[in-house]
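Biologist: Hi! I'm new to this one, could you walk me through it?
Modeller: Happy to, let's open it up.

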Amino acid sequence: MQGFKVQEKWQFCSDHLPLGLTVEHGGQPLVRMVSWNVLNTAYMRWIYKDEQGMSRSRITELDKTEGSKTRGLTLRDEEVVQTVLALAQLYHIIGLQESSVAVSKRVAELLATEGWMQVPQVTGMDKSQIVTFYNTNIVKVVNATGIQYAKQGDSKGIQLTHFELVGNEDALQVHFVNTHVPFGAAGRDELAAAVNKYKYRRSKTENVKKTVIVTVGDTNADSANVGEALGPDWTHVESYLSHVNARNQPVDYDCAHFTLVPLEESEGETKTGVVAAVPEIGPVKEMVELLTGWKKNLKK
């Protein structure tokens, strides 16, 4: 399939597919989370350049305001919002990247009616495109902080949120790191420095409760390169192809890694882990199969 381009076969509203994750504790699902780069309309020019082979996809088909029911949103933006609402029926925490202020505001308005809230942005990141929502019936925010990558403005950053389970605050602590990493090793090194510092501080907390830290998002690099930057204390969550890069290659740039605090689980202690699964919404499964088949044929 050399020279293959997805074009009309790509029937999803973003050039990234959502990555579904479940934190398991003792073999049982504890918290479900999902990460998704929704593709900010401000960056549509990259789609039209056709380096990803998507200039004749559903993305461009819906790139118009005519017929939109929401002022300031395109038809594609509206489909993004509806897709986030569908994800909210399956997950407890939603991390978005490249979410415009208008899209984030609309999502927040609609999710609020179902008991969801947006994690507050730290000072100076009120226009950040890194946005996290959570179901207040399941989890609550203990604290949150944000970091911008060097010279990246609002487009890329790191949002680190400490969650507790509602009604079971002494159970496993869940820390959700939502990020959009700049291209190149420097960005991955910045991410690694931030999350490893965060992990170290957590490990030094007096009487620390058992904690899982999940780092997830659009990393602009293969999962292996991200894992190498993070270091040996982090475990890669085996997932699936989710994106077509600017070299027209199917890749797993949307990836997740996790670590535990304390790092070592004692004998007889309840085991904790994170697993990935394709979200059962819309055409996501079919798009994963499209990318997977393409990758297999490239290897022949």
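**A first walk through the model**

Modeller: Let's start with a pair of residues: His 162 stands opposite His 175 in β8. This is a predicted model, where local features need pLDDT of at least 70 and side-chain atom pairs count only at pLDDT 80 or more, while totals for chains, interfaces and linings use all residues. Residues are numbered from 1 along each chain as its sequence is written, and side-chain values use heavy atoms, with hydrogens and water left out.

Biologist: How many bridges join β7 to β8?

Modeller: Six, and the two strands, β7 (residues 157–165) and β8 (residues 173–180), run antiparallel. Strands here are DSSP runs of E with at least two residues, and helices are runs of H or I with at least four, numbered from the N terminus. Two strands pair if DSSP finds at least two bridges between them.

Biologist: What is the strand order in the open sheet of six strands?

Modeller: The order is β6-β7-β8-β9-β13-β10, with mixed pairing. At the edges are β6 (139–148) and β10 (235–236), each of which pairs on one side only. Helix α5 packs on this sheet and touches β6, β7, β8, β9 (211–218) and β13 (254–261), with its direction at about 30° to that of β7. Touching, or contact, means heavy atoms within 4.5 Å.

Biologist: And which strands does α6 lie across?

Modeller: α6 lies across β10 and β13, running at about 30° to β13.

Biologist: At what angle do α5 and α6 cross?

Modeller: The axes of α5 (residues 185–203) and α6 (residues 223–230) cross at roughly 50° and come within 8 Å. Axes are lines fitted to C-alpha atoms, for helices over the stretch in contact, and angles run from 0 to 180 degrees between N-to-C directions. The two helices are therefore oblique to each other; angles under 35 degrees count as roughly parallel, over 145 as roughly antiparallel, 65 to 115 as roughly perpendicular and the rest as oblique.

Biologist: Which residues make that contact?

Modeller: From α5 they are Arg 188, Asp 189, Leu 191, Ala 192, Val 195 and Asn 196, and from α6 they are Asn 225, Val 226, Ala 229 and Leu 230.

Biologist: Switching topic: where is Thr 132, and is it buried or exposed?

Modeller: Thr 132 is in strand β5 (residues 131–135). It is buried, with a relative accessible area of 0%. Buried means under 20% relative accessible area, exposed over 50%, and partly exposed in between, using a 1.4 Å probe and protein chains only. Leaving aside neighbours within four places in sequence, the contacts of Thr 132 include Ile 93, Gly 95, Met 117 and Phe 176.

Biologist: How far apart are the C-alpha atoms of Thr 132 and Ser 35?

Modeller: They are separated by 9.0 Å, although the two residues are 97 residues apart along the chain. Ser 35 also turns up in pairing: it is the bridge partner of Leu 19, and in β3 the partner of Ser 35 is Gly 95.

Biologist: How do β1 and β2 pair?

Modeller: β1 (residues 19–25) and β2 (residues 28–37) are antiparallel, with seven bridges. They form a hairpin with two residues between them, and Gly 26 in the turn has a positive phi of about 65°. By contrast, β2 and β3 pair in the parallel sense over five bridges.

Biologist: Last one: what kind of peptide bond joins Val 261 and Pro 262?

Modeller: A cis one, with omega at about -10°. Pro 262 is found in the loop between β13 and β14 (272–277).
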